[in-house]
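Work through the exercises below with the sequence and the model open. Each task is followed by its solution.

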Amino acid sequence: MRDLLALWAGRAVLKLSRRLGHGGSSLPGRVALRIQPALLRRLAGKLRWGSVIITGTNGKTTTARLLSTILQDAGYRLVHNRSGANLKEGLTSAFLEDAAAAGRRADIALMEVDEATVPEAVRELRPLGIVVTNFFRDQLDRYGELDTTVSLVGRGTDAVGGRGFVVLNADDPLVAALGRGRGERAVFYGVEDDRCGKRTMTQTREQRHCLTCGRELDYSVFYYGHLGRYACPGGDFRRPAPDVRAGAVCLEGARGASFTLSVRGEGEVRVAMPVPGLYNVYNALAALAAALELGVPLSRAAASLERARASFGRMEVIPVEGRNVLLALVKNPTGFNQVLETLLGDAPAADGAGEVGDRSPRNFLIAINDRYADGTDISWLWDVDFEVLAERGARVGEIIVSGLRAHDMALRLKYAGVPEASVRVVPGLSEALDRALAVTAKGKTLLVTPTYTAMLELRDIISRRGYAPPFWEAEKT
Amino acid sequence: MRRRAEWRGIEVGLTAVGLGEAVDFTAFDILFMGGGQDKEQKLICEDFQRVKGGALAEAVEDGVPFLAICGGYQLLGRFYETGRGERLPGIGVLAVETCAGRKRMIGNVVARSLLPGQETRVLVGFENHSGRTYLGAGVRPLAEVLVGHGNNGEDGTEGAVYRSVVGTYLHGSVLPKNPWLADWLIGRAVARRYGEGVTLPPLDDRVEVEAHAAAVAHAVEVARRHRTPVRRKRLSAVVGGRLRARRGSS
């Protein structure tokens, strides 16, 4: 009785908030859980197969999205918290939304889960498997320390490991260490292509030391941040050989990426996907590894990636007033560095949406908010390698800075060596977008890098002007 | 600091000092140290006891400017007492003591600087610490807190100053938004090397001044909506006029 009441109330709130034009990502779940605290557990228990948890600092949403594309193509019916609301309430809302759609019972729940919520989510969902993408310094104002985050996720992988599958990033020592002592029961994925790596790393690195003996790890190659091929000089710990690997990686600027996918015992296949950036190659590997564990054949999974899209606000291209607005969410130094590298990437003959060979300067709109969901501490901006905007000045036109912390961003650019004349402070997001569109010629791409709440606001502004559907509609396909 | 020195034609060399390295710190012009996670703090604490403590104390007494933030600030004090009552020794160049607190003190900070030889200056930054630091005799607070928690959330002080050492919980980033603090450290370094007569040429700080004003206004605004401690009377006495002027102009 209580279950029915909770379901009914949650769904009513969901419908109401959609009608009012909100995403309704966590409120319905909150209301339903208030009535029946065990609702999430009950709903998860009704799944035909079970749940898969995707967690880690960066790439949760995109990995879940790629995996959902693969699984849907393979004929599974999914519950999926597409909006990215990844606390307990958000997970519950996703089930409510599915229940509202009625029809046949869902097979698998695909849940991107906030790192700190992992132990609770594992208890409630009793998942089939868990995927861990990476650990970077992110929103320390919420969890205090990276070590705390890692140990919370570790509790989750330990709990799942006994009965389900654990997919881990071999190239991130913090993630790979979660697989120690797990023998054959962990599935590792990683990149194996020295050409897209570097011998030394100037960017922020979170993990320099061996987790066993404390000695500095030796890297033969860095892919980005602290991701790479590493080994402890004392022999205590080394990068595990990945079961799912990407070789011969070809990054095509903001247009896409291709790579040769090799799976231990299953052979090789070439994958070209319209989702750009090396970090998304990692997301694709994570999704593929999980899909293989769920029984999807390699060739089918790879074919699905060819037509996959990134999630809303993650390298999403929206045509606005004859320009292409490329929205690339940024939330921490490593993610921002990867986005800048991808946007400024020397694509062979193309970048952006259809601008083949265009090397004219690009305009940027950088929107920084410091609300709770963005992280209230914006000092992370000083760990982003904005110096590349000065070094590649010829590729950079006007940089409009906006958001609640627009002035901090302008200051950061000054100290990065970007000429003050090319930076314009426009705190209001709507006005900033106007300005950015005005200085961007028709047919050209405007590069927008917003923090989370700034991304939602900008998307809202764009959709109210009639150029893009709201994100809960955009995510349905 | 590097940029602000270079913009004035002062060449800067940067040396990273690692764990276990014995260094004569008096040979440097400016020292800087940040904080780390508990694990790393412990490693540095041991290194300070075994290797660097004496050399750092010597440099401090020799007048080397030293900026230590958060965990670095705590390690310059006498000790850090963990939640379990275990005492990690500091090197004691600052007469301050720190105890682990239960609640993390997180948020924007606005504080009136008490640095000697300065006109009234307002520091703005961000704090994120669970340690509560208390000042002993012989050390002055860096600033008086107007918005936020500061050293311990009780006595209204933020940071500590002794000779040319500045310890503070403020980051976010503290130097570019408070360029006069960076310049104070550079000035002390220049004075130590070339004597007191040298003055630093002023820089075009319009972007810094704007960012500072925006950050102060934002901190006050956010504090109003949340339960951040605000000393309203002192705040309006120190920055009230400026805030009003800002609101009027926008």
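**Exercise 1.** At what angle do helix 4 and helix 11 of chain A pack, and how far apart are their axes?

Solution. The model is predicted: local features need pLDDT of at least 70, side-chain atom pairs count only at pLDDT 80 or more, and totals for chains, interfaces and linings use all residues. Residues are numbered from 1 along each chain as its sequence is written, and chains are lettered from A and ligands numbered from 1 in the order in which they are written.

Step 1. Locate helix 4 at residues 60-73 and helix 11 at residues 298-305 of chain A; helices (H or I, at least four residues) and strands (E, at least two) are DSSP runs, numbered from the N terminus.

Step 2. The angle is about 125° and the axes lie 9 Å apart, with axes fitted to C-alpha atoms, for helices over the stretch in contact, and angles running from 0 to 180 degrees between N-to-C directions.

Step 3. Helix 4 of chain A is therefore oblique to helix 11 of chain A (under 35 degrees is roughly parallel, over 145 roughly antiparallel, 65 to 115 roughly perpendicular, the rest oblique).

**Exercise 2.** Which strands of chain A does strand 10 join, and how?

Solution. Step 1. Strand 9 (residues 244-252) of chain A runs antiparallel to strand 10 (residues 256-263) of chain A, with seven bridges; pairing requires at least two DSSP bridges. Val244(A) has Val263(A) as its bridge partner.

Step 2. Strand 11 (residues 267-273) of chain A is also joined to strand 10 of chain A by seven bridges, antiparallel.
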